[in-house]
Amino acid sequence: MRNVWRASELAVSRASTIATGHPVLDGELPNGGWPRSALVELLVQQHGIGEMQLLKPVLASLSGKQAIALIQPPYLPHAMACRSWSINDRNLLWIRPQSSADALWAAEQVLKFGICGAVILWQTNVRPEALRRLNLAAQSTDTWLWLVRPMAAAADASPSPLRIALRPQAGGISANIIKRKGPHCESPIFIPLVDMPVGRQLLDKDHETPARRVHTAVAVGSATPVLV
């Protein structure tokens, strides 16, 4: 049966996926891409280390015909940056709830009514019951859902079938798949991100190197805005 897999093998099922745009990552994901109708967690060491660059290919692909909801992003979405990525900014829906509870409710409603092709939700603290509701809501729709959370949440239990911890690395990003349908991923995967602004990826142990933080997502030393 296609929905049954051995622990030593990546799962293969009828579930729909979309290629991540990063072949090295696709090779480590069940069905070779981001799963649709599933809660996918991206656990970041800090915002702006390349998580949006990681999603860039799929966002560019989906935004051509479908809306993409950005719920409580940490930075102001930048239209020029989206256009430079071939993302249709007219199909971006920026939702700014007043509280985490409102943000979770908004995400559930977007999923419930299927009004967007993809949802990206940023949250710091999410209760287990809220995660379960998000996961159930995702399973009942044809929408892609990513939840961006702090790295500290990696130690918490989650119903998400795919959880990836992201850390900055020179020239790209380090992705540690901490949960997937299949065998344990033994070591982090390096994913090159050619558009990352210089200085964003480089850390000195637990401290960021002195580099100007640009919260509007404009590249350091460049007039061209880029998302990170």
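Two strands are taken to pair if DSSP finds at least two bridges between them. Strands (E, at least two residues) and helices (H or I, at least four residues) are DSSP runs, numbered from the N terminus. In β5, leucine 92 is the bridge partner of isoleucine 68. The model is predicted: local features need pLDDT of at least 70, side-chain atom pairs count only at pLDDT 80 or more, and totals for chains, interfaces and linings use all residues. Residues are numbered from 1 along each chain as its sequence is written, and side-chain values use heavy atoms, with hydrogens and water left out.

The protein has five helices and twelve strands. Of its 228 residues, 47% are buried. Here buried means under 20% relative accessible area, exposed over 50%, and partly exposed in between (1.4 Å probe, protein chains only). A contact requires heavy atoms within 4.5 Å. Among contacts between residues at least 6 apart in sequence, 64% join residues at least 24 apart.

Eight strands form an open sheet with mixed pairing, in the order β5-β4-β6-β7-β3-β8-β9-β10. Its edge strands, β5 (92-95) and β10 (189-192), each pair on one side only. On average, neighbouring strands of this sheet are turned by 25 degrees against each other, direction ignored. In general, strands of a sheet pair through backbone hydrogen bonds, either parallel or antiparallel.

Strand β4 (residues 68-71) runs parallel to β5 and is joined to it by four bridges. Four bridges also join β4 to β6, again in parallel. Within this second pairing, isoleucine 68 stands opposite alanine 118. Leucine 70 stands opposite isoleucine 120. In a regular strand the side chains alternate between the two faces of the sheet. Both faces of β4 are covered, with Ile68 and Leu70 buried on one side and Ala69 and Ile71 buried on the other. From β4 the chain crosses through helix α3 (residues 79-84) to β5, a right-handed β-α-β crossover. Right-handed means that, with the strands pointing away from the viewer, the path from the first strand over the helix to the second runs clockwise.

Strand β6 (118-122) is mostly covered, as five of its five residues are buried. Ala118, Ile120 and Trp122 lie on one side, Val119 and Leu121 on the other. Five bridges pair β6 with β7 in the parallel sense. Tryptophan 122 stands opposite valine 148 in β7. Together β6, α5 and β7 make a right-handed β-α-β unit.

Angles run from 0 to 180 degrees between N-to-C directions; axes are lines fitted to C-alpha atoms, for helices over the stretch in contact. Helix α2 (residues 51-62) lies across β3 (39-44), β4, β6, β7 (144-150), β8 (162-169), β9 and β10, at about 155 degrees to β6. Helix α5 (residues 128-139) lies across β3, β6 and β7, at about 160 degrees to β7.

Asparagine 135 lies in helix α5. Its relative accessible area is 9%, so asparagine 135 is buried. Not counting residues up to four places away in sequence, asparagine 135 touches Leu39, Pro159 and Pro161.

Threonine 143 lies in the loop between α5 and β7. This threonine counts as buried because its relative accessibility is 1%. The side chains of threonine 143 and threonine 141 are joined by a polar contact of 3.1 Å. A polar contact is a pair of N or O atoms within 3.5 Å; within protein, one must be able to donate a hydrogen and the other to accept it, and residues adjacent in sequence count only if both atoms are side-chain atoms. Beyond four places in sequence, the residues touched by threonine 143 include Arg36, Ser37, Leu111, Cys116 and Val119.

Asparagine 176 lies in strand β9 (residues 172-179). Residues up to four places away in sequence aside, asparagine 176 touches Arg163, Ile164, Ala165, Arg167, Cys185 and Pro188. Its C-alpha atom is separated by 8.9 Å from that of phenylalanine 190, 14 residues apart along the chain.
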